[in-house]
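Colleague: I'm new to this one. Could you walk me through how to read it?

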Amino acid sequence: MPKFLYGIDFGTTNSALSIFDEEKKEIVSTISIPSLIYFNHISKSANADNYVIGEQAISEYLEDGMRGRFIKSIKQILSRTTFTETRIQNKRYSAADLVALILKDLKQKADKITGFNCTKAIIGRPVFFDDDDSQKDTLAQTRLKKAAESAGFTDIRFQFEPIGAAFAYEKLITKKEKVLVADLGGGTTDFTFLTLDPAKVGSNDRKSDMIASGGIYIGGDSLDSAFMWEKGTPYFGKNTQYEATRGQILNVPKSLFANICSWDKMNFFNGQKIQKDIDDYYYFSGNDRKFKNLITLIEHNLGYSVFQAIEKTKIELSSNHLSDFKYSKLGIEIDEEISIDEYNRVIAKDIQRIDDYLDKFLLTHNINPTEIDCLFMTGGTSMVKAIKHLFKNKFPHIPVNSGDNFNSVANGLAYSGYLFAEP
Ligand SMILES: Nc1ncnc2c1ncn2[C@@H]1O[C@H](COP(=O)(O)OP(=O)(O)OP(=O)(O)O)[C@@H](O)[C@H]1O
Ligand SMILES: [Mg+2]
């Protein structure tokens, strides 16, 4: 009877599963889906699943006029102690319950391919779920394990995501190399420095090859938030003034707009007090159009579609020098040309933080750039021009390789079967 194990990369933006045939010692297939869940706004029958996952979540959410609950970047709540559960159509969901829906979807798709109920999985995790807080980190992994168990896995191991990426790269090389792997995803940027050796693929003795791992809580989502803050929020009332009392003109507090810069904070606007505040700003700003935009954004739940426009601009600027930041819905009209220089300015702080972290990583682990044979870059955010420049400038003489930006982690996790041999 064939034996399989699944390598699962549960990502902030995309999740992938690689099916590994343990007898043939090869990957049979890789499946990937966006890490999204959509709960329809009307509960269908009591027993029917009222949610959809992945691409279908996007299409149904848009078809439904962006009503219901659309859940994105759910990996980020794994480490959040303040999140215990959320209520969706009278059902309570813990963080693990939500993640389980994504893992279950991947497992069902994979089981259909293998024809087996595979219960053995190696699940990737970032080096740090949360910067510098080990308690939150433990909480996140415990929740992820629980999610994997609810999805039907009984034999579970964890592996650092960048080590997964490294093992995918190891399949491509012909000689022993010391490699610095950078995995830049939607939520986190992870590094690992290790020795790769094609002769060791699949062997059980890998511990001694690991030299250092580290990471920082910055990824593509952070770049999109920075863009929303700088280029998006002015269309929703940042930098406008209102008449606080007769004759007293004040700036609307900027802190208000931090809440539309990340997906998970949008719920902040559901409170009655805040809605009244915004109505007041609209009135006392002399019905400034921008506040009308903010009211429309909140009332019609348009956050996701605005972030789609932001992501589109970012992706275009990975290959072009110019892009249009364009959005047109329910009276909100944005059409602004963004140059790569302007974009680089907007994301400069995040790029600097990655740069600083990388310096600290090399220093802390005593890694001299001269001992790095090669860089392997993966993850969607590795395509951002400023990121490419950062690595090129820091390591001008080191060759840079890349593979499949979206599947390499899952593939490498599937090659990590040695973890089952460890006590
Ligand atoms: N061509 C591109 N240029 C720039 N960014 C891109 C491009 N394509 C995708 N991205 C960004 O890459 C990110 C997703 O990358 P990836 O799928 O590697 O992340 P993830 O594995 O889901 O996240 P994480 O590993 O942090 O949990 C998103 O922020 C997306 O906007
Ligand atoms: Mg990833």
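Colleague: Is strand β12 mostly covered or mostly open, and how many of its residues are buried?

Modeller: Start with the terms. Helices (H or I, at least four residues) and strands (E, at least two) are DSSP runs, numbered from the N terminus. A residue is buried if 20 or more other C-beta atoms lie within 10 Å of its own, exposed if 12 or fewer, and partly exposed in between, with C-beta atoms placed from the backbone. Here β12, residues 189–196, is mostly covered, with seven of its eight residues buried. Bear in mind that this is a predicted model, where local features need pLDDT of at least 70 and side-chain atom pairs count only at pLDDT 80 or more, while totals for chains, interfaces and linings use all residues. Residues are numbered from 1 along each chain as its sequence is written, and chains are lettered from A and ligands numbered from 1 in the order in which they are written.

Colleague: Which strand is joined to β12 by eight bridges, and how do the two run?

Modeller: Two strands pair if DSSP finds at least two bridges between them. Strand β11 (residues 177–184) is the one with eight bridges to β12, and they run antiparallel. Valine 179, for instance, has leucine 194 of β12 as its bridge partner. A hairpin of four residues connects β11 to β12. Then β12 is joined to β13 (residues 210–216) by six bridges, again antiparallel, and phenylalanine 191 is bridged to glycine 214 in β13.

Colleague: Now the ligand. Which residues come nearest to ligand 1?

Modeller: A residue is near a molecule if its C-beta atom, placed from the backbone, lies within 6 Å of it. Ligand 1 has 23 residues around it, and Gly11, Gly185, Gly220, Ser318 and Gly380 come nearest. The largest share, three residues, is from α9.

Colleague: How does the shell around ligand 1 divide by class?

Modeller: Ala, Val, Leu, Ile, Met, Phe, Trp, Tyr, Cys and Pro count as nonpolar, Asp, Glu, Lys and Arg as charged, and the others, Gly among them, as polar. The shell has 14 polar, five charged and four nonpolar residues.

Colleague: Which residues of α9 are buried, and what do they pack against?

Modeller: The buried ones are Gly303, Val306, Phe307, Ile310, Thr313 and Lys314. They cover an arc of only 115° around the axis, which puts them on the same side of α9; the arc is that of the directions from the helix axis to the C-beta atoms. For packing, two residues are in contact if their C-beta atoms, placed from the backbone, lie within 7 Å. The buried residues of α9 pack against α5, α8 (289–299), β16 (322–329) and β17 (332–339).

Colleague: And why is α5 described as largely enclosed?

Modeller: Because 10 of its 13 residues are buried, α5 is largely enclosed by the rest of the structure. Among them are Asp221, Leu223 and Phe227. The buried residues of α5 pack against α9, α10 (340–346) and α11 (348–364).

Colleague: Last one: where is asparagine 239, and is it buried or exposed?

Modeller: Asparagine 239 is in the loop between α5 and β14. It counts as exposed, with 11 C-beta neighbours inside 10 Å. Its phi is near 70°, a positive value in a residue other than glycine. Leucine 330, in the loop between β16 and β17, also isn't a glycine and has a positive phi of about 45°.
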